[in-house]
Amino acid sequence: MTLIHGGRVVDPDTGTDAVLDLLIDGDRVLASAPRIAPPAGATAVDATGLLVLPGFVDMHTHSDFTLGHHPAAPARIHQGVTTDVTGNCGFSPFPLPRGCVGFGSFFSSRVEAGWADLDSYAADLESRRPALNVAPLVGLGAVREHVVGSRPAPPDAGEADAMRRLVERSLEQGAFGVSTGLVYAPGRFALADEIRAVLAPVHRSGRLYATHLRDERDGLAESVAEAIATAEGAGVALQISHHKALGKANWGRTKDTLAMVDEANARGITEVAVDYYPYTSGSTGVSSLLPPGSLDGGWAGLRERAAGGAARRDLLRHLDTSSQFRTDEIIIGRSRTRPDVSGLPLTAIADADGRAPAETLLGLILDEGDRLTMIVPAASEDDLASVSAHPAAMHGSDGWLMTAGEARHEHPRNLGSTIAVLAPALLGRTSLDRAVRHLSTAPARRLGLAGRGTLRPGAYADIVIADPGRAAAGAAALPADTYPDLVRWVFVNGLPVLADARLTGRRPGRVLRAS
């Protein structure tokens, strides 16, 4: 037993905001009251002056590609995350054929090969004893890769049937829904009719469909309309991932897309929600800048076209003038072939190389393959404020890295996304109730995580204790390889994984299953 006493308990699920004691027995909250006498032998945690919150449920992560190799997950635990939702953007490490190496590689994946199904993936991850819980989605990109491979053509009737069966099996094994990444191969080859057909088992299960839209730039409104039409046609709930309007020319368009969300929810055919990360910059794989079809013949085909002649000139022209980001907007992430350029602007690297930025960029892509990431401008402050204030919104970091060392030179959301939501609320700049809803209550409800995202008696003891006195430091930009210290204690399934801001070494996480 553990008694957390004297803390300010904020729980939007129960409407609680009061100084209370919490008693943990095993993996559950046993009682909550203004004063609880310590049971014999109970461990006491003094939370006087601190904030006691339900554990954070990160609605959008890719940690299924990294958690198995860093199961202590300090980057997640120091942020107060007790459950990661994985399998987003069409990427999951199952169901994949054993020979499928490199799928999802730009998430710094250390997955040597995929797993045949959710059960085998979960058994492997739980054998490594993760520090936090995982709530998996199944990626339709992985499903397509398993059945169709990297072929851009639509599946035939037999292949579509096989894809549906894989989705159905994943849902039977407890996946919380499915996801697509319609800007990434092979997901970008899937048209709306194909997606609706494959979503049939999701309709029967009552679970959700999460999507990285086909276009977050000039075609944003059309892509939101496609996602809503797909969900309504399939009869499934829709989660629009990391919703934003990319590119200065598109800033302000979230006013229209959020109105589309409201209209869809008013129709009542589907329930639409959005998630966001609290930054105006974004991060993705550098290879996404290549012209459409560049990788249809694999990396060997790309290298052949990039060797010279008109094909190389076309590649360079696209990277210089037609890709979704200008070369002077790109900051290179962590490079393995050229570590000295990690975290530097592309233009600075090109100047040092004595080459045009597009030449340097193509060279990096060819050297690194799918693994190289970039940090780029994304949303406007006004769009971010609009999305995060919307009634259907919740937080999702879009992170994947588990340690500060790995996160150096990568997007700050890997180390501080939840803190960037919570700290401003503690400073009175935003609503504390809203912050906790977005970090915990809303995603737990969205997934149907019974007993998570709440501190009511009988709930699982996933608990975060934060120090409001550290909010100002938490709201400031941290060094790129530093863990935040706003969160002081974290309990996962009743056990402390962080105590006085130090990892305890305990790893009581579980792979959760939908029912």
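A residue counts as exposed when its relative accessible area is over 50%, and as buried when that area is under 20%. The model described here is predicted.

Helix α9 spans residues 298–305, and its buried residues are Trp299, Gly301 and Leu302. Viewed down the axis of α9, these buried residues fall within an arc of 160°, so they line one face of the helix. Ala300 and Glu304, on the other side of α9, are exposed. The cover over the buried residues of α9 includes α10 (309–322) and α12 (357–368).

Two packed helices are described by the angle between their axes and the distance between the axes. For α15 (residues 413–426) and α16 (residues 432–447), the axes come within 8 Å and cross at roughly 165°. The two helices are therefore roughly antiparallel to each other, and α15 passes α16 in a left-handed crossing. At the contact, Thr418, Val421, Leu422, Ala425 and Leu426 of α15 meet Leu432, Ala435 and Leu439 of α16. These residues divide into 7 nonpolar, 1 polar and no charged.

The backbone has some features in loops. Phe94 and Pro95 are joined by a cis peptide bond with omega about -10°, and Pro95 lies in the loop between β7 (81–86) and α2 (118–127). A cis peptide bond also joins Ala185 and Pro186, with omega about 0°; Pro186 sits in the loop between β10 (177–181) and α5 (192–198).

Arg129, in the loop between α2 and β8 (133–136), has a positive phi near 55° without being a glycine. Asp398, also not a glycine, has a positive phi of about 60° and is found in the loop between β17 (393–395) and α14 (404–407). Arg129 is partly exposed at 42% relative accessible area, whereas Asp398 counts as buried at 7%.

Note on methods
Residues are numbered from 1 along each chain as its sequence is written. This is a predicted model: local features need pLDDT of at least 70, side-chain atom pairs count only at pLDDT 80 or more; totals for chains, interfaces and linings use all residues. Side-chain values use heavy atoms; hydrogens and water are left out. Buried means under 20% relative accessible area, exposed over 50%, partly exposed in between (1.4 Å probe, protein chains only). Helices (H or I, at least four residues) and strands (E, at least two) are DSSP runs, numbered from the N terminus. The arc is that of the directions from the helix axis to the C-beta atoms. Contact means heavy atoms within 4.5 Å. Axes are lines fitted to C-alpha atoms, for helices over the stretch in contact, and angles run from 0 to 180 degrees between N-to-C directions. Angles under 35 degrees count as roughly parallel, over 145 as roughly antiparallel, 65 to 115 as roughly perpendicular and the rest as oblique. A crossing is left-handed if the near helix is turned anticlockwise from the far one by less than a right angle, and right-handed if clockwise. Ala, Val, Leu, Ile, Met, Phe, Trp, Tyr, Cys and Pro count as nonpolar, Asp, Glu, Lys and Arg as charged, and the others, Gly among them, as polar.
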